[in-house]
Amino acid sequence: MRRSHTTPYRTGGFTADWIDAVGSLTRERVATKRATWSRWNLLAEAERVCADIRCHTPADRNTMIDAVATAAENQSVPLNEYRYTVPVNAQPDLRFANRSIFDFHGSRLYTDTATLANEDVVMTARNDDGGPAVSAAVAMEALDGYKHRGRLELHSDQRAAAAQVLLSGNRLDAVVGPAGTGKTTTLGAVKAAWEAEFGAGTVVGLAPAAASADVLGRELALTTENVAKWLYESVGHGAGHRAAQFFDTEQQLTVGATPGPMSLRLAQRAARLAAEQDRWGFHPNQLVVVDEASMVSTLQLSALVQQARDAGAKMLLVGDPGQLDAIDAGGTLGWLDRQSKTVRLSTIWRFEQEWEQDASLKLRAGDFSAIADYYRHQRIQHGSYVDMVDKAYLSWQSDLQDGKSSILIAADNDTVSMLNRRAQADRVIQGSVDAEHTVPLSDGSRAGAGDTVIARLNDRSITDSSGDFIRNGTMLDVVRTGRRDGSLTAVRRDTGATIVLGREYVESSVELGYATTAHRSQGITVDTGHTVVTQGRLTRELLYVSMTRGRSGNHAYVSENDPLDDDPLDPALPSSWRQILGEVLAAEGAERTAHEVRDAEQSKADSLGQLSAEYDYLAQIAAAEDLVKFLDVHSSGMAAELQRSPSWGATVAAWRQATGVSRPSTQRVVIAALQIEASARDMAAVVHSRLRQFLSGVPAAGSDPLAAPALTSRPDLADMINQVQDRVQQRMTHIARDTMMRDTEWKRALRETLGPNGLTDHATDVIRQVAIHRDRWGIDDSPLPLGPVPDLYDWEQQEQRARITRLVDQSALSSPSYRQAPTLLDDPTSREDRLINVGWQI
């Protein structure tokens, strides 16, 4: 028999409507996962969406994928713009893919209107002060008498945070704080005061996971649910199914039902359905607490906020933007915090040792000095992968034997599985686990009586002896196994209730639970924590979570080699443990909202740092053109030889800088170098050396490269230079205006240095130039007018800093009350120091 095959598609076989529809699907799928995206994200998603479509040739497939991604791109909202027009007949050094060399297509970022709207919903609720609030008298009385669990009083920052939430009247508030600051304690006080004002049961809790919602409910004695379930039942498919049943029942009551038993049953059914729907809705004056809010997606938060707003309830987000972020598009809690729209807890109470409080905050901020703190207190060990896994395991086992609660964390599932199997084997040897009567688990291992396992799926149809359902993340101690039916009987560690898990659930959703990943450890507090760190598998947030689980000790075991790679022949190739931890701290995993990315892109696009880099590129091309013309006139044929040299770029840079000082003198230096050193093997290096010697002998002008002219005979290059210079002037004007209108710490310090002449025209010009310098070098948060001392190799910043320092000194000297302020403005580097690093000045 001949089988039928689908004919492969060719280029042109797809209609425009199909491309637009698939492009829309691609965009929506990307928007679910991230707040912002690039063309590369759209291309990758288009490949996944179109995976089942068979094309005739690879070229046909590439054309199809490109068309779908382009359609998705056209439907997206750009967050940065194409800033430059490309001159007609622009040469390849100014044009790429029909765009300016500075407007690379792949660097363009996008979002969509739905994402922006959802973010706006949350921020608008935060700025709306028309929500319910607790009266001052009730709030103060409740907070004065509150003790968490009957024994822990509120600390000052917890009390202040609770009072601000209770009294604000905002439709939405947020409480954020690092690990161990007592967010749950603060929530308990808020709940007590809220119920004192509005009655019992007026506080409800939500969390991103069923297990964390269960913990929140038990900690604060309130009704809780996970966010996904709430949305499913309130506005999702659950609500839709319930509405269909209610409509059908109502139709039967209206059309054909006669008084009697049938009519009564229909009325009862309608009442039950209405009650169920009412149960999945917020009510006036309720306080809706969303715990671990950083892990809730923006789409989910927006839906919850709209429900609360329509019902007249208040939302309270609680969490830490420095910990784990949402799996889908998120970043909203961090955005609120960075906009100073949150109530912050700052004092850490979890750790027994005071130094660890400060070190954990450094870790949270990505400050590398935290590594030195942990290492100094013997909290970091390093070595080969096998040794580190072994040491982490033995330390964890020792803590358990000493009666401490401890957690064993690894960065990847393979290491977790290895540690689980080792722990199980040791317990079998000790006689604590039955290795004969076991059942297979989802991770490929087997479990017997005495084993510790973890559930990996919510299943509301499986309930324990207390009537509670099994949740993802629930830790269980196995009591016995069913040899015939593959079932597993276990005791829940959190409640002590007994539960029976059927074979199907065990084989698909149960794993050994001795070790865990960093992601699953959030929310757990123990005596000690032991974390295996492997290169490239942790972000800053995951490391911070891992190193803040233990009250008395948190230890990191850094693997200096990748277990998936063969050992390199050169022992110097592997990264050191400090480099590995530095990479982890630099790998920020928290997402930024579309609003933040848009603002950052707009700010970066026209910053003097960006514009100066663009101008420098164009000026280098112009300088090379200028030098070639000079060489062609004075030494025919020499230009081609110099251009082949590796030193050509450095020579052009030196020529450009030297001609800015004195063009005639620079020309004489080059002519002399070409005549005297005619036999040199690298004439470009010789010319570069002579130009550097010339520059070292003249006074340091410290002129601004943006002010130096870049002359060229190329129309396309001149056009691009003019475009950049126009943007530079606009930016400088904007900076000057903004600086004069704003009162900042650095400006106050500068005025103090300038003295009574702080309002003269000269002083105003100094302030303007300092502001331009800060924007040029990205000095955003330093209170020092010129920012921190630059590195020795940052010769350009050093020279500009020295020039401005001289201007400041001239203004201060004219003041009758002049006094030195070396800590603020003195040039930290002498001219001699700069010449030591002359090789960097290219």
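These legends describe close-up views of a predicted model.

The crossing is left-handed. From α25, the contact uses W648, A650, T651, A654, W655, Q657, A658 and V661. From α27, it uses A684, V687, H688, L691, R692, F694 and L695. By class, this contact of α25 with α27 holds 11 nonpolar, 3 polar and 1 charged residues.

**View 1. Helices α10 and α11 cross at roughly 155°.**
Residues 237-255 form α10, and residues 261-279 form α11. The two axes come within 9 Å. The angle makes α10 roughly antiparallel to α11, because the cut-off for that term is over 145 degrees. α10 passes α11 in a left-handed crossing. On the α10 side, the contact is made by A239, R242, Q245, F246, D248, T249, Q252 and L253. On the α11 side, S263, L266, A267, R269, A270, L273, A274, E276 and Q277 take part. The contact of α10 with α11 divides into 8 nonpolar, 5 polar and 4 charged residues.

**View 2. Helices α23 and α30 pack at an angle of about 75°.**
Helix α23 spans residues 608-634, and helix α30 spans residues 761-776. Their axes lie 7 Å apart. Angles from 65 to 115 degrees count as roughly perpendicular, so α23 and α30 are roughly perpendicular to each other. L608, G609 and S612 in α23 meet I772, D775 and R776 in α30. The classes in this contact of α23 with α30 are 2 nonpolar, 2 polar and 2 charged residues.

**View 3. The largest nonpolar core has 33 residues.**
L441, V453, I470, L488 and L501 have the most contacts inside this core. Helix α16, residues 385-401, gives the most to the core, with 6 residues. I470 touches A455, L457, N458, D459, I462, L476, I499, L501 and Y505, leaving aside residues up to four places away in sequence.

**View 4. N89 has a positive phi in a loop between two strands.**
The phi of N89 is about 60°, although this residue is not a glycine. Most residues other than glycine have a negative phi. The loop that holds N89 lies between β2 (77-78) and β3 (95-96). N89 counts as exposed because its relative accessibility is 69%, and the cut-off for exposed is over 50%.

**View 5. A221 has a positive phi in a loop between a helix and a strand.**
A221 has a phi near 55°, a positive value in a residue other than glycine. The loop with A221 lies between α8 (210-220) and β10 (223-226). The relative accessibility of A221 is 62%, so A221 counts as exposed.

Methods. Residues are numbered from 1 along each chain as its sequence is written. This is a predicted model: local features need pLDDT of at least 70, side-chain atom pairs count only at pLDDT 80 or more; totals for chains, interfaces and linings use all residues. Side-chain values use heavy atoms; hydrogens and water are left out. A crossing is left-handed if the near helix is turned anticlockwise from the far one by less than a right angle, and right-handed if clockwise. Helices (H or I, at least four residues) and strands (E, at least two) are DSSP runs, numbered from the N terminus. Contact means heavy atoms within 4.5 Å. Ala, Val, Leu, Ile, Met, Phe, Trp, Tyr, Cys and Pro count as nonpolar, Asp, Glu, Lys and Arg as charged, and the others, Gly among them, as polar. Buried means under 20% relative accessible area, exposed over 50%, partly exposed in between (1.4 Å probe, protein chains only). A nonpolar core is a set of buried Ala, Val, Leu, Ile, Met, Phe, Trp, Tyr and Cys residues joined through side-chain atoms within 4.5 Å. Axes are lines fitted to C-alpha atoms, for helices over the stretch in contact, and angles run from 0 to 180 degrees between N-to-C directions. Angles under 35 degrees count as roughly parallel, over 145 as roughly antiparallel, 65 to 115 as roughly perpendicular and the rest as oblique.
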